[in-house]
Amino acid sequence: MNQLKYLASYPGTIQTQIQQLLDQNQLAGIILKKYPAVHDIRTDKALYDYVLDIKNGYLRKTEPVSKITFDNKIHVINHALGLHTSISRVQGSKLKSKHEIRIASIFKEVPIEFLKMIVVHELAHLKEKEHDKAFYKLCEHMEPQYHQLEFDLRLYLTQIERYGKLF
């Protein structure tokens with residue numbers, strides 16, 4: 001079961017079921033039935049607009065995000081699907097901070113639900129820095145199916161790690 005690294009924190013019974021689906025090459029069919037198409041957000045500009053729409057809908061009073069981009073240097077291997085960074089600079093007598101959100105390039109060709117889950121996760125870091133109860137509550141506020149989408153994304157990553165691209 002060591003090859004199910006994206007599902008390592010889930011109970012053994014679930015890992016066993018997923019391993020059986022992988023061995024029988026049935027996991028891809030299940031994923032494709034639930035998420036049949038990829039989104040059409042391919043450019044950094046389109047991603048920026050998409051993220052700002054979500055931010056303005058839920059986190060209007062948080063600090064602005066100065067840069068939003070797909071980043072091909074973020075690798076799933078590094079346990080990162082997206083990054084939120086905050087850079088503080090002194091300007092005169094004030095401390096100014098800039099926020100950046102970087103999304104792994106793998107999310108250029110996934111269902112929109114997976115992209116939204118990652119975007120929601122990174123936006124939640126604008127308000128909640130730690131992965132605690134308040135953080136996940138905020139994620140669920142922005143995307144009620146957050147935990148299911150996270151699980152399904154883990155299934156997707158497991159599938160493509162073993163068999164390659166799905167779309």
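**Aromatic pairs and helix packing**

User: How does Tyr136 count at 24% relative accessibility?
Analyst: This is a predicted model, in which local features need pLDDT of at least 70, side-chain atom pairs count only at pLDDT 80 or more, and totals for chains, interfaces and linings use all residues. Residues are numbered from 1 along each chain as its sequence is written, while side-chain values use heavy atoms, with hydrogens and water left out. Buried means under 20% relative accessible area and exposed over 50%, with partly exposed in between (1.4 Å probe, protein chains only). At 24%, Tyr136 therefore counts as partly exposed.

User: Which class of aromatic pair do Phe114 and Tyr156 form?
Analyst: A search of the whole structure finds six aromatic pairs. Rings of Phe, Tyr and Trp (its six-membered ring) pair if their centres lie within 6.5 Å, and planes under 30 degrees apart count as stacked, over 60 as edge-to-face and the rest as tilted. The ring centres of Phe114 and Tyr156 are 5.5 Å apart and the planes stand at 50°, so the pair is tilted.

User: What kind of pair do the rings of Phe135 and Tyr136 make?
Analyst: Phe135 is buried, with a relative accessible area of 0%. The centres of the Phe135 and Tyr136 rings lie 5.0 Å apart with their planes at 90°, so the pair is edge-to-face.

User: How are helix 4 and helix 5 oriented to each other?
Analyst: Axes are lines fitted to C-alpha atoms, for helices over the stretch in contact (heavy atoms within 4.5 Å), and angles run from 0 to 180 degrees between N-to-C directions. Helix 4 and helix 5 (residues 133-142) pack at about 130°, with axes 9 Å apart. Angles under 35 degrees count as roughly parallel, over 145 as roughly antiparallel, 65 to 115 as roughly perpendicular and the rest as oblique. The two helices, helix 4 and helix 5, are therefore oblique.

User: In which strand does Thr69 lie?
Analyst: Thr69 is buried, with a relative accessible area of 8%. Leaving aside neighbours within four places in sequence, Thr69 is in contact with Asp44, Leu47, Ile101, Arg102 and Ile103. The element that holds Thr69, spanning residues 65-71, is strand 1.

Technical notes
Helices (H or I, at least four residues) and strands (E, at least two) are DSSP runs, numbered from the N terminus.
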